[in-house]
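Here is a short report on one protein model. Keep the structure in view as you read.

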Amino acid sequence: MKDLENIPALMQDLGKRAKAAAAKLATAPAERKAQALNAAADIVWSKRADIIAANAKDLEFGRSKGLSDAMMDRLLLNESRIQGIVDGLRAIAGQTDPVGEVLTEWDQPSGLNIQRVRTPLGVIGVIYESRPNVTADAGALCLKSGNAVILRGGSESFHSSQAIHACLAEGLKAADLPEDAVQLVPTRDRAAVQQLLTMTDYVDVIVPRGGKGLVGLVQREARVPVFAHLEGIVHIYVDKAADPQKALDVVLNAKTRRTGICGAAECLLIHRDVVAGLGAEILTALAAAGVEIHAAEDLTGPEGMTAATDEDWGKEYLDAIIAARAVDSIDEAIAFIRDHHSQHTDCIITEDDAAVQQFFSELDSAILMHNASTQFADGGEFGMGAEIGIATGKMHARGPVGAAQLTSFKYLVRGNGTTRS
């Protein structure tokens with residue numbers, strides 16, 4: 001039984017076992033990894049009642065902490081969402097294994113043949129907040145890419161994450177792969193996070209998935225390299241050449257489908273030429289859908305809009321709230337987004353191809369969209385099966401982080417008694 005009181009010893013033990021598992025997993029056959037994931041999918045579905053019961057404990061804990069409705073929605077697991085977890089596990093299992101893929105190959109005049117091939121990173125530490133499905137997504141993607149992983153879920157999803165992790169462990173066992181390849185920190189104690197961030201002897205990269213507070217903590221205190229998953233301060237710009245029906249459909253879906261996810265729209269920019277017509281129609285529809293609108297004073301819209309303040313620009317609400325303002329041009333929209341976004345996801349709605357090209361060229365967000373809901377900012381929707389997060393930095397991984405993004409590469413150099421003159 002692990003000593004949950006001695007956090008440093010607990011984390012060192014997890015690290016040692018993860019590193020040993022990573023060495024075995026790096027050369028595991030693709031078929032065995034797929035077998036483990038498919039077996040885990042079967043087990044998750046067979047134990048869905050147990051997972052939902054564990055989730056009920058977490059929901060009770062969340063209510064006692066006063067979580068918002070949007071946060072409770074992020075935490076909730078039901079049969080439909082468990083089916084989504086199962087589908088994600090199967091999708092990742094069915095993908096081409098990235099390990100060993102030859103990225104490029106060439107011959108040198110010296111007679112050398114050189115290949116650059118994908119290789120696992122080693123041990124990945126994933127720190128995430130309330131969404132328990134991340135337990136399955138992160139565990140599966142790390143396994144697929146030949147990495148061992150140490151998962152540290154949020155305190156709110158403690159029981160749900162344990163139930164899902166148990167299914168992944170059974171899947172590994174069924175495929176005769178080391179169960180230590182996917183480990184879950186078995187305590188809510190925040191000291192475990194502090195330890196994980198400094199375990200340079202065992203952990204190769206940290207992936208934080210959560211709000212600004214979590215990511216800021218990780219970036220300040222980590223001694224291990226970090227794939228930053230910053231908050232989703234997502235903007236939608238409705239251009240003067242927007243198709244009205246597309247604009248209405250996209251904005252409503254981007255804000256209201258699920259308000260508590262990182263791809264939810266948080267700020268709406270409307271070209272001044274369409275403020276009184278299309279803009280007012282969109283704002284009225286948002287209000288009718290229950291969205292609280294924090295609007296600049298020059299906007300026309302429904303009664304009950306709240307006057308926006310400086311704090312509304314560049315804010316991630318993760319709730320049924322949106323900030324809105326008018327802009328005089330696409331240049332002003334781009335400048336405003338640059339000043340206030342988190343380089344996560346931004347969208348333009350227009351029928352003007354030149355405007356799309358300018359928006360795509362001049363903004364440096366990880367994901368840029370045209371006439372599509374920002375709720376598609378998701379690895380599953382990108383065909384990756386799932387994601388470990390959306391990286392907003394510019395080094396190594398960017399955008400949805402799937403199995404391929406959880407690899408590095410090495411060079412394989414072949415000669416035939418070749419010597420250098």
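## The cores

Start with Val203. Leaving out residues up to four places away in sequence, Val203 touches Val123, Ile124, Gly125, Ile150, Leu196 and Val224. Touching, or contact, means heavy atoms within 4.5 Å.

The largest nonpolar core has 74 residues. Leu89, Val126, Val203 and Ile388 have the most contacts inside it. Helix 1 (residues 7–25) gives the most to this core, with 8 residues. A second, separate core has 31 residues, among them Leu248, Val251, Leu278 and Ile322.

A nonpolar core is a set of buried Ala, Val, Leu, Ile, Met, Phe, Trp, Tyr and Cys residues joined through side-chain atoms within 4.5 Å. Helices (H or I, at least four residues) and strands (E, at least two) are DSSP runs, numbered from the N terminus.

## How the model was read

This is a predicted model: local features need pLDDT of at least 70, side-chain atom pairs count only at pLDDT 80 or more, and totals for chains, interfaces and linings use all residues. Residues are numbered from 1 along each chain as its sequence is written, and side-chain values use heavy atoms, without hydrogens and water.

## Arg209

Arg209 sits in strand 6 (residues 205–209). Is Arg209 buried or exposed? Arg209 counts as buried because its relative accessibility is 8%. Buried means under 20% relative accessible area, exposed over 50%, partly exposed in between (1.4 Å probe, protein chains only).
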